[in-house]
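Dear colleague,

I am handing over the structure below, and my notes on what was found in it follow. Please read them with the model open beside you.

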Amino acid sequence: MSVTLASTLACAATTGGGVVPPAGGAPGGTVASHAPNTSTAGAAGIGDPDFPHDGNGGYDVRHYGLKLAYDPAAKHLNGVALIDATASQGLSRFNLDLSGLKVDTVKVDGTPARFSRSGTELTVSPETLIKDKAPFQVEVRYGGEPKPMRDSGNLGLYGFIPTADGAFVTCEPNGAKTWFPANDHPADKASFDFSITVPQGVTALANGEMTAKPQTADGKTTWTWREKHPMVTYLATMTLGKFDLREGKTASGIPNFAAVDPKYRASLDRVYRLSGEITDYWSTVFGPYPFSSTGGVVDDYAAGYALENQTKPIYGGFDPDQDIIAHELAHQWFGDSLSISRWKDLWLNEGFATYAEWLWSEHTGRGTVDSIFKRHYAAKSDPMWKYPPGKARADDLFNNSVYTRGAMTLQALRQRIGDEAFFRLLRTWADQHKYGNVTTDEFVTLAEKISGKQLDGLFDAWLYQPRRPESW
Ligand SMILES: [Zn+2]
């Protein structure tokens, strides 16, 4: 994620949105009886203390199969979600996250299940208990007018945002639930299949690669996409509209797909070329590209931000410059392939992607990383010194400190351990945790192991103290 217009930072943050956890659905288990229980209710939250209602407990999703149809004129979405999951406890009931929309039916392993709604929680009670470690499949048929969200920090609107010609879909931090039922938290990653039916002439863009040529019948076109690598829900997209497309491969052979709204037609070749060049360059710095395709999408919805949607970063209503493309493509390693387990650690995404912007600046013969670092360090009264970036706050998640001071942490680390250890650390980090979830503690441990240095003082000063470090 990167914010390009200061105005979006001024959006008021609201929290809660009337969310009420279902009775007995508190995180951490609900059973208080004396007899041993083998089956119980899955928690209504996945256990992130800063976002207690996000995600759910008791299971792990392996795959989402989403069959979607959207009519931009009527703003109506019809969906069938097939969710393959594995229980991590016995389950008498479990939750999914879903915001708005009407649920018609829910089945578990083909058998109709009872369900109820409360806030953004969809509680499903299967006919028979699901055993611990058992795989199960949930089918949810649903529909209605998707509505975007406006909360969780300084983001403005996010989620499924209807546009004149389709939809602009960017879901960080928790807006996937505006268009499909999900375990909507980055701690649960899954592969995705998308089948999206839209009026003929509308392009439907999703993550990964197309599995077949778009099929048109009766004035409607169906687009099918597959992201076979694990993906967090907030990186999923179904962006729809009129787009000019360019497809090919990067110089190193990675499939490259660019799409721009006709308003940005003049940018198509540049977005395509830069996305390819930068993906190839990061592959030499961070290690092999983790996914099967790269690219970028420019839509005319004036979001004022970009999001690193897996394999297809999206730029909302502006012509992206090389630095923002470098930022979003660095996220493919840091944020997308390696995902945070809790939002507090967001600097592991944004600090790294911001640091990548500085590396790109130096690589292209503009400002050096060192000069950029020193310029920020000299700004003694910058508000970021009061905001410890290692403790990203739910009510101000995308604070500049998480980005800039997060990136400065990496430069302070590099100066302490030297270039050889630093870049080996980045590549080892990206390789060891490929497609997984990570925490700051794991990064600190690896940095100490690779460098052979005691680094807790450095990380404490840069990540956790509400003041400007005295030195680096
Ligand atoms: Zn970012």
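Predicted model: local features only at pLDDT ≥ 70, side-chain atom pairs only at ≥ 80, totals over all residues.

Isoleucine 325, by comparison, is 244 residues from alanine 81 along the chain, and the C-alpha atoms of the two are separated by 32 Å.

**The protein as a whole**

The protein contains nine helices and 25 strands. Its radius of gyration is 22 Å, close to the 23 Å that the globule rule gives for 472 residues, so the protein is as compact as a globular protein of that length. The C-alpha trace spans about 60 × 60 × 40 Å along its principal axes, and 58% of the 472 residues count as buried. Among contacts with a separation of 6 or more, 68% are between residues 24 or more positions apart.

As for the surface, the protein exposes about 17,900 Å², of which carbon and sulfur atoms supply 52%. There are 46 positive and 54 negative side chains, and the centres of these two sets lie 1 Å apart.

**Confidence**

The mean pLDDT is 92, and 92% of the residues reach 70 or more. Over residues 5-37, however, pLDDT stays under 50, although the model has 48 contacts beyond four places in sequence for that stretch.

Methods:
Residues numbered from 1 in each chain as written. Heavy atoms only, no water. Helix = DSSP H or I, 4+ residues; strand = E, 2+ residues; numbered from the N terminus. Rg over C-alpha atoms; globule rule 2.2 N^0.38 Å. Buried < 20%, exposed > 50% of the residue type's maximum accessible area, 1.4 Å probe, protein only. Contact = heavy atoms within 4.5 Å. Areas by Shrake-Rupley, 256 points an atom, 1.4 Å probe, with all protein chains shown as cover. Lys, Arg positive; Asp, Glu negative; His and termini not counted. Charge placed at Lys NZ, Arg CZ, Asp CG, Glu CD. pLDDT = per-residue confidence, 0-100.
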